[in-house]
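Thank you all for coming. I would like to take a few minutes to walk through one model, and I will ask you to keep the picture in view while I talk.

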Amino acid sequence: MDELGMLVSLLDEDPSAHGERDGRRRLTGAIDKEATQARRRFAFRPRFALFGGFGLAGAAAALAGAVLLSSGTTPRAPDPVRPASTPAARLMLAAAHSVESGPAASSGRYWEVQRQRGGRLVEDGKSYDFVQRLGGYDAGPGRDAWSTMRMVSKRYAGPTSEQGAGSSLWDTFRWSKVRASGGQTYQILQGSKDPVDVRRLPDTAPALKSYLDKLLHERSQGWDPTEWLYGNAEDILASPVGPRVRGAVYRLLAADPHLRAVGTVKDPLGRPGTAFSRRTSGAGMVTDDQLIVDTRTGRLLATRTVLVQPGPAWPGKKPGDIASYEAVLSYGWTDQIPNYPPLP
Amino acid sequence: MTAPPAVDDDAGIVAASLAEPERFTGVYDRHHAAVYRYVHGRLGPQAADDVAAETFLTAFRRRADFDPARGALRAWLFGIATRLVAQHRRTEERRYRALARLGPDRPHGGHEDRVAAAVDAGLVKPELAAALRGLSAKERDVVLLVALADLTHEEVAAALGIPYGTVGSRLNRARRKLRAALDSPEGT
């Protein structure tokens with residue numbers, strides 16, 4: 001054995017399980033803290049209950065951002081699937097009917113989703129209003145996948161007391177792509193230890209409700225069932241599921257008593273749709289989290305957060321302003337991956 | 001879909017974590033064991049848990065500074081770990097001193113048990129630990145990044161921010177000193 005090999009024998013040791021755990025706990029604590037601040041700063045719309053109760057509970061709260069109150073509260077008892085009796089319910093059922101009677105998606109190697117998002121970000125004490133385009137191309141679990149991205153605009157919006165971190169992602173104004181893990185667009189509960197493949201979801205409303213209620217009960221701590229349903233709904237509606245599963249999602253939303261129909265609106269891309277709203281409050285502000293749906297086709301158009309009562313996180317904003325949005329431009333199957341250069 | 005899929009290369013994970021901080025746990029998953037081994041080798045078990053954890057916390061907070069064009073992520077992580085180790089020089093000294101004393105007639109426990117068994121079997125010579133104390137801090141950084149972290153010369157250069165040629169010269173010097181200690185009459 002040479003001297004380097006002998007050094008290894010002398011000094012090498014596997015990490016202890018508790019050391020690994022403690023280190024991970026410290027890191028996720030820092031991540032949670034930053035994510036919470038980031039969500040307030042970046043002001044993306046809340047991401048709802050996608051990560052609840054997985055040892056990433058803090059991340060879930062962080063993702064929910066400043067506009068959720070329910071973390072740590074006791075969940076309501078799950079509501080049964082109820083018959084439609086409100087305008088919101090009737091419009092959701094119209095969306096369910098449309099999507100169930102529409103064509104199934106064609107075929108291809110990759111499930112592709114194109115989105116545009118907008119909001120505010122902070123870099124080095126300066127805030128910017130931004131718009132970004134994102135694409136996902138996913139051949140499924142164990143296969144290849146790609147993410148594409150391009151900043152559309154980034155406009156200085158004034159100084160802020162927050163610090164924020166710069167990133168090449170925020171300054172990439174040409175399309176770039178980066179390799180991704182296959183299968184994530186086929187999942188809900190992304191980032192958890194046990195994500196669920198959407199292709200396993202039941203395709204009737206009662207069965208889907210039982211399935212999601214069971215997941216909520218098993219995995220989530222303190223999430224409000226309406227948040228849970230909203231968050232999973234927007235994931236499922238843009239994922240590779242069939243028309244019956246999409247219809248079941250709308251039927252579940254129709255049965256939620258906390259859903260309110262806002263009426264016909266233009267989505268962030270100017271497309272007409274019906275907005276459904278759910279009011280949340282926290283951190284000194286009140287917001288409406290909206291799903292915008294084309295009820296004639298049953299396609300999810302966008303989600304957005306509308307400021308009802310801007311808090312200290314939104315200086316210069318007034319009630320009715322859009323804090324952040326994420327619009328779904330398209331989803332479906334494709335065989336083509338764009339020939340973009342790698343992310344700088 | 002509400003988020004792009006998780007990227008599966010180091011640079012991609014760090015880039016994605018700028019927008020979605022929770023992605024950074026992927027860096028921990030991939031590199032914690034290797035960083036721990038390196039830090040443990042230099043500081044021993046008491047300090048290793050803390051310094052390894054601090055390495056990833058530092059990396060997370062400074063991830064916007066990581067530039068893939070300047071080297072691989074693991075080189076950057078080991079650079080951070082090495083700078084943190086440097087804040088524990090006395091701990092490192094104590095560790096090598098303790099290992100140098102190991103032998104059949106010495107009390108020991110835990111990791112030291114295994115080392116003592118290796119000493120007994122003739123696989124390891126305690127003089128090596130003493131020789132480590134005789135290296136300069138810069139020589140120790142290079143030789144232990146190569147031996148324990150398995151970094152290439154290029155990666156060591158990136159980790160420590162030194163020229164490529166300097167890595168080779170420091171490594172050669174360190175190895176000569178270690179061999180000399182092993183070949184000395186006391187070490188045979």
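This is a predicted model: local features need pLDDT of at least 70, side-chain atom pairs count only at pLDDT 80 or more; totals for chains, interfaces and linings use all residues.

As background, an α-helix has 3.6 residues a turn, so residues three or four places apart point the same way.

Stepping back to chain A as a whole, its secondary structure comes to seven helices and 11 strands, and 49% of its 344 residues count as buried. If we take the contacts in chain A with a separation of 6 or more, 67% of them are between residues 24 or more positions apart.

Now to the strands. Strand 4 of chain A, residues 176-181, is mostly covered, with five of its six residues buried, and it runs antiparallel to strand 3 of chain A, residues 144-159, to which six bridges join it. As one point of reference on this pair, A:Trp146 stands opposite A:Arg179 in strand 4 of chain A.

Strand 3 of chain A also holds A:Arg155. Is A:Arg155 buried or exposed? A:Arg155 is exposed, because it has 10 other C-beta atoms within 10 Å. Leaving aside residues up to four places away in sequence, A:Arg155 touches A:Tyr128 and A:Asp129, and its C-alpha atom is separated by 9.2 Å from that of A:Arg120, which is 35 residues apart from it along the chain.

Let me turn next to the largest nonpolar core, which has 111 residues, and in which A:Met92, B:Val39 and B:Phe78 touch the most other members. The largest share of this core, eight residues, comes from helix 3 of chain B, residues 45-61. Again leaving aside residues up to four places away in sequence, A:Met92 touches A:Tyr250, A:Leu253, A:Ala254 and A:Phe276.

Finally, a helix pair in chain B: the axes of helix 7, residues 126-134, and helix 10, residues 164-183, come within 9 Å and cross at roughly 140°, and the crossing is right-handed. Among the residues that meet there are B:Leu128 and B:Ala131 from helix 7 of chain B, and B:Leu178 and B:Ala181 from helix 10 of chain B.

Key: Residues are numbered from 1 along each chain as its sequence is written. Chains are lettered from A and ligands numbered from 1 in the order in which they are written. A nonpolar core is a set of buried Ala, Val, Leu, Ile, Met, Phe, Trp, Tyr and Cys residues joined through C-beta atoms within 7 Å. A residue is buried if 20 or more other C-beta atoms lie within 10 Å of its own, exposed if 12 or fewer, and partly exposed in between; C-beta atoms are placed from the backbone. Helices (H or I, at least four residues) and strands (E, at least two) are DSSP runs, numbered from the N terminus. Two residues are in contact if their C-beta atoms, placed from the backbone, lie within 7 Å. Two strands pair if DSSP finds at least two bridges between them. Axes are lines fitted to C-alpha atoms, for helices over the stretch in contact, and angles run from 0 to 180 degrees between N-to-C directions. A crossing is left-handed if the near helix is turned anticlockwise from the far one by less than a right angle, and right-handed if clockwise.
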